[in-house]
Amino acid sequence: MVKNFKVEVLGVDLSKNMIDIGIQRAKEFKDDKVEFVVADITTADYKPESFDVIYSRDTILHIEDKETLFKNFFKWLKPGGELLISDYCRGSKELTDTMKAYVAKRHYHLLTPADYGKLLEKAGFVDVKAIDNTKRFIEVLTSERARFETDKSRFMKDFSKEDFEYLVEDWETKIARCGREDQKWGLFHAKKSS
């Protein structure tokens, strides 16, 4: 965002490890336009109308009380501000036992893409677009897996064969969950009216 749009960015994550990665990547900018904070976004408190854009990629699945979070996002956005989220979702059918076990193990809180969109509207957002982008997700997973398998020798310098096989199996499992329509990938765009 800094590179393409010349904006100021505040990166927030609960994981110190992810913040450390962000700090490393931001060093290329050599300026003060990027700040990172280790914080729990569910308890964070920013001034109303602080942000032009709020963006989240595949993380809100960990948050049970999405309604309160979305209301906070709405409050924190300036009038005319925009929200863009991608996130793991669930299908509309009854989940398979395998998927139920996966969700429980990971402590995920998944909604269908449509229900996600309704919750954004309930929080006050307008022009809500709730897109089931699962087909694209499968394409990305397939491409990532192929690229990873091509780089196997480089990976094996630092990790074990079991690590490699675990990661390949994880990609396969995600693709299978999407194929069964247990798992979806949602893309959500919404605005705060001016």
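We'll go through the rings, then a helix, then a sheet.

Mentor: One caution: this is a predicted model, where local features need pLDDT of at least 70, side-chain atom pairs count only at pLDDT 80 or more, and totals for chains, interfaces and linings use all residues. Residues are numbered from 1 along each chain as its sequence is written, and side-chain values use heavy atoms, with hydrogens and water left out.

Trainee: How many aromatic pairs does the structure hold?
Mentor: There are 16. Rings of Phe, Tyr and Trp (its six-membered ring) pair if their centres lie within 6.5 Å; planes under 30 degrees apart count as stacked, over 60 as edge-to-face and the rest as tilted.

Trainee: Why is the pair of Tyr102 and Tyr108 called edge-to-face?
Mentor: Their centres are 5.6 Å apart, within the 6.5 Å limit, and their planes stand at 85°, which is over 60, so edge-to-face it is.

Trainee: And what makes Phe155 and Phe159 a stacked pair?
Mentor: Their ring centres are 4.7 Å apart and the planes are at 20°, under 30, so they count as stacked.

Trainee: Which of these count as buried or partly exposed?
Mentor: Buried means under 20% relative accessible area, exposed over 50%, partly exposed in between (1.4 Å probe, protein chains only). Phe155 has 14%, so it is buried, while Phe159 at 45% is partly exposed. Tyr102 at 11% is buried, and so is Tyr108 at 10%.

Trainee: What lies over the face of Tyr102?
Mentor: Arg177, at 3.6 Å from the ring centre. A charge sits over a ring if NZ of Lys or CZ of Arg is within 6 Å of the ring centre and within 35 degrees of the ring normal. Lys192 likewise has its charged end over the ring of Phe74, 4.9 Å from the centre.

Trainee: How do you know that the buried residues of α3 line one face of the helix?
Mentor: Helices (H or I, at least four residues) and strands (E, at least two) are DSSP runs, numbered from the N terminus. In α3 (residues 66–76), Lys66, Leu69, Phe70, Asn72, Phe73 and Trp76 are buried. Seen down the axis, they fall within an arc of 155°, so they line one face; the arc is that of the directions from the helix axis to the C-beta atoms.

Trainee: What makes β3 and β5 edge strands?
Mentor: The open sheet has four strands in the order β3-β4-β6-β5. Two strands pair if DSSP finds at least two bridges between them, and β3 and β5 each pair on one side only.
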